[in-house]
Structures are given as C-alpha cells and as structure tokens.
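Please examine the sequence and the structure before reading each solution.

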Amino acid sequence: MIEAASALTGSPEAGERSAPPVAGPEAVPVTLQINGTARTFTAEPRMTLAEALRGPLGLTGTKIACNRGACSACTVWLDGAAVCSCMQLAIEVGARAVTTIEGLALGTQLHPVQAAFIEHDALQCGFCTPGLVMSCAALLERNPDPTMADVQTAINGHFCRCGTYPHVVAATLAAAKARKA
C-alpha cells in the first residue's frame with residue numbers, strides 16, 4: 001500500500017516519478033506536430049484532437065460522427081498508428097506526429113490509397129472516407145502486401161452507412177499492387 005501511495009505522490013520510493021502536470025480548467029497553449037508542421041493554438045483541457053483539428057487548426061477533412069470511438073470516421077495517424085482522434089485529448093498528444101487526411105497526399109499527388117478509392121468507387125456520401133483512407137494507408141505502411149483478410153481487419157470498426165466495404169477492400173488491394181509496380 002505504501003508503494004501505491006508513493007507512486008501517486010512522486011516520492012523517491014516510487015523511483016523518482018513525479019505527478020503529471022495539471023492543466024486547466026482554463027484554456028492552455030498547445031503545440032502539435034500536424035502533417036510535419038508545428039501548430040500552436042489554445043485549447044481547453046477537455047478538447048479532443050478531433051475537435052482541435054476541425055476547430056482552431058481548420059483541418060476539416062477529419063470527420064466527427066459518433067464522438068465516442070465507435071465509428072472510426074475521425075481516424076488519423078498518431079506516430080504512424082491509426083487512432084480515433086475523438087478519443088484522444090489534444091493536450092495529451094505532446095510531441096507525437098499527427099498525420100491527417102490533408103497530410104497524406106504529397107502536394108497535388110494523391111496517396112496511392114486516395115487514388116485507388118477514386119478509381120474503385122470506394123466512396124459514396126464520403127463522410128467515412130477520410131477515416132477509411134487513413135486506416136487503409138496505415139495498413140499499407142506496416143504491410144505492403146496485405147491479403148483481403150488483412151484489409152478487412154484494418155477497416156474493422158469503421159462504420160459506413162453506404163456499405164462501400166467491398167470497394168474499400170478492392171481499392172486497398174489495388175493500391176498495394178500499384179505501390180509495388
């Protein structure tokens with residue numbers, strides 16, 4: 001019991017741990033690495049990464065649908081891993097690299113997954129599309145030769161009311177093939 005109390009107080013018995021900094025309740029300055037650029041803004045401690053991206057940072061490609069991590073529409077990369085940005089507080093991101101749908105393309109050249117989504121009609125209303133693209137592109141970064149089952153696993157948790165899943169799988173497999181060529 002003393003060890004647990006020490007960990008909370010940051011005493012030497014806890015291995016020199018200190019309590020994490022406390023922010024708030026007022027807004028605080030936050031600097032995030034967004035698409036390779038440091039961006040500073042003011043955020044209330046309760047602001048999610050999704051809200052920060054869409055609000056003060058003006059990057060509206062990331063969509064907020066359920067706002068509880070159930071639909072994956074707000075998927076971005078955090079240090080290269082696909083995450084639901086509505087479940088991450090902006091002040092907790094720190095120096096980790098955030099990549100949004102806006103940062104996936106190289107200038108005017110679409111990412112292979114973006115191009116394949118267009119070619120394979122993997123979008124209809126488009127609301128879930130940015131999140132799906134981010135998850136599929138993350139898959140190709142870690143597995144350049146995925147199977148259909150790999151793609152299905154990568155998009156598990158994405159909710160698309162239009163039902164474009166077969167097109168998403170085909171697009172992702174085509175993007176993988178195009179990247180190898």
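**Exercises with worked solutions**

Thr 164 has a relative accessible area of 1% and is buried (buried means under 20% relative accessible area, exposed over 50%, partly exposed in between, with a 1.4 Å probe and protein chains only). This is a predicted model, in which local features need pLDDT of at least 70 and side-chain atom pairs count only at pLDDT 80 or more, while totals for chains, interfaces and linings use all residues. Residues are numbered from 1 along each chain as its sequence is written, and side-chain values use heavy atoms, with hydrogens and water left out.

**Exercise 1.** Determine where Thr 164 lies and which residues Thr 164 is in contact with.

*Solution.* Thr 164 belongs to the loop between α5 (148-154) and α6; helices (H or I, at least four residues) and strands (E, at least two) are DSSP runs, numbered from the N terminus. Apart from neighbours within four places in sequence, its contacts are Ala 122, Leu 123 and Gln 124, contact meaning heavy atoms within 4.5 Å.

**Exercise 2.** Describe how α4 and α6 pack.

*Solution.* Step 1: helix α4 (residues 129-142) and helix α6 (residues 165-180) pack at about 40 degrees, their axes being 10 Å apart. Axes are lines fitted to C-alpha atoms, for helices over the stretch in contact, and angles run from 0 to 180 degrees between N-to-C directions. Step 2: α4 and α6 are therefore oblique to each other, since angles under 35 degrees count as roughly parallel, over 145 as roughly antiparallel, 65 to 115 as roughly perpendicular and the rest as oblique. Step 3: Leu 132, Cys 136, Leu 139, Leu 140 and Glu 141 of α4 make the contact with Val 168, Thr 172, Ala 175, Ala 176 and Arg 179 of α6.

**Exercise 3.** Identify the buried residues of α3 and what they pack against.

*Solution.* Step 1: in helix α3 (residues 112-119), Val 113, Gln 114, Ala 116 and Phe 117 are buried. Step 2: viewed down the axis of α3, these residues fall within an arc of 165 degrees, so they line one face of the helix; the arc is that of the directions from the helix axis to the C-beta atoms. Step 3: the buried residues of α3 pack against α4 and α6. Step 4: on the face turned away from the buried side, α3 carries the exposed residues Ile 118 and Glu 119.

**Exercise 4.** Is Thr 100 buried or exposed?

*Solution.* Thr 100, in the loop between β5 (97-99) and α3, counts as buried at 0% relative accessibility.
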